[in-house]
Structures are given as C-alpha cells and as structure tokens.
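Subject: Structure for you to look over

Hello,

Here is the structure I said I would pass on. Please open it first; my notes follow below.

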Amino acid sequence: MYKDIIDFISQSALKHIGVKSVKYQKRVMINQQNDNGYMQIVIEDDPYFQWIKTSNVFTLTLNMDVIGLPSNDNGILNVQNDALTIAVELINYITTDKYYQQFLSLYDYSLLGLSHFTDDNSAGFRLSLELIVPNPINLCNYLDNFDEDRIGIETDKPLDLIDSKPSTKSNELILKPIKLK
C-alpha cells in the first residue's frame, strides 16, 4: 500500500509541467551532485504513520521538498513563488484524483519556505502533507504470518572460552633499542 501511494504522488508530480524530476530519498542526500533540473520534488524517506483514535482515522505524513536553484535572473523569491504554486497545485491534483479519492483524503498540510537549503543554495518550499489512508493491515490474511505451533525460541550458541591467562609471556614488555648512525 505505501509503495502505491508514493508511486501515485511521484507520477502526479511528474505530470506537472513545472517539475523536472521527482526523487524518493533521504533529506541529507538532496542535491549532492548539483545536477538537478530547475524544479524538483524530493519525497523524503521518513514517513510517519499515525492512528488517531479520537477521529478513528489512520494518517500518513510525508515531507516533500519542492526546490529549485536561484540564479542572478531568477532570485530566491521567484523560486519560492514557483515552488509554492507547484506545491498547492499538486495537493489539489492528488486530492481530486477520481481513482485515489476513494483511498486517500487530505487531513492536513503545512508549507515552510526554504532558502539556501542545500550545499548548492536551493530555495523553495517544504510541504508536510498529512493524508488519511487505509489501515495497512490486511485483515483477510494477516493470521497467515503467525503459527500457533511454532514457538520461536532461539538456542544459545555454546561459548568458546579463551584462557585468560595463557602460558606465554606476551604480557612482558620487550624493548629493542634503535641505533642511529
């Protein structure tokens, strides 16, 4: 289920004419090689799933960075403006998709402006997207992963004890002076 959601968001982002690349990776790996297109979306690989008992919903929070490289002609403010536009249009596209509307709905989101974000001074917006998703448990066959007859007790490996006081005199210090010419 999780892979399907990430694939859907990635494919939706690539459909936007302003987005040149979409990646799923760690935050510290963003723009390591400084060769990314003007606008890219990085879906960070640290999702947060949460069961909200009071609302009886299961949520998934994703952090996504919509970033581009400012230049002399295109400053930080322009890049942030483009990134904000892409982020809110992507949110609307995801939440209004006819097929995924039955599985996903928007719970909450927040946007944080970024400047001088990576080692190549990217700018843009960080989108924290919280979606209501189906509970990932498959109630039809989750019991197949349990075996009542199998009690998983690991056997201890025998310890190979080494003599702590060997008969050699390896504990004695032997000095051999070096003679210089």
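**Strand 4 and its partners**

Strand 4 and strand 6 (residues 123-133) are paired antiparallel, with eleven bridges between them. In that pairing, Phe58 sits opposite Val133 of strand 6. Please keep in mind that this is a predicted model.

Strand 4 also pairs with strand 3 (residues 48-52), again antiparallel, over five bridges. There Phe49 is the residue opposite Leu60 of strand 4. Strands 3 and 4 make a hairpin with four residues between them, and Asn56 in the turn has a positive phi of about 60°. Strand 2 (residues 40-44) runs antiparallel to strand 4 and is joined to it by four bridges, with Gln40 opposite Ile67.

How many of the twelve residues of strand 4 (residues 57-68) are buried? Twelve of the twelve are, so the strand is largely enclosed by the rest of the structure. Both of its faces are covered: one side carries Val57, Thr59, Thr61, Asn63, Asp65 and Ile67, and the other Phe58, Leu60, Leu62, Met64, Val66 and Gly68.

**Helix 2**

Helix 2 (residues 76-96) has 21 residues, which at 1.5 Å a residue should span 30 Å; its end C-alpha atoms are 30 Å apart, in agreement. Its buried residues are Val79, Gln80, Ala83, Ile86, Ala87, Leu90, Ile91 and Ile94. The buried residues of helix 2 pack against helix 1 (2-15), strand 2, strand 4, strand 5 (105-114) and strand 6.

**Aromatic pairs**

Searching the whole structure gives eight aromatic pairs. In one of them, the ring centres of Tyr2 and Tyr24 are 6.4 Å apart and the planes are at 65°, so the pair is edge-to-face. Tyr2 belongs to helix 1 and Tyr24 to strand 1 (residues 21-25), so this pair ties together parts 22 residues apart in sequence. Tyr2 counts as partly exposed at 21% relative accessibility, and Tyr24 is partly exposed at 39%.

Phe8 and Tyr100 form a stacked pair, 3.9 Å centre to centre with 20° between the planes. This pair links distant parts of the chain, 92 residues apart: Phe8 is in helix 1 and Tyr100 in the loop between helix 2 and strand 5. Phe8 counts as buried, at 6% relative accessibility.

Finally, ring pairs link Tyr2, Tyr24, Phe49, Trp51 and Phe58 into a cluster.

Regards

Notes: Residues are numbered from 1 along each chain as its sequence is written. This is a predicted model: local features need pLDDT of at least 70, side-chain atom pairs count only at pLDDT 80 or more; totals for chains, interfaces and linings use all residues. Side-chain values use heavy atoms; hydrogens and water are left out. Buried means under 20% relative accessible area, exposed over 50%, partly exposed in between (1.4 Å probe, protein chains only). Helices (H or I, at least four residues) and strands (E, at least two) are DSSP runs, numbered from the N terminus. Two strands pair if DSSP finds at least two bridges between them. The expected span of a helix is 1.5 Å times one less than its number of residues. Contact means heavy atoms within 4.5 Å. Rings of Phe, Tyr and Trp (its six-membered ring) pair if their centres lie within 6.5 Å; planes under 30 degrees apart count as stacked, over 60 as edge-to-face and the rest as tilted.
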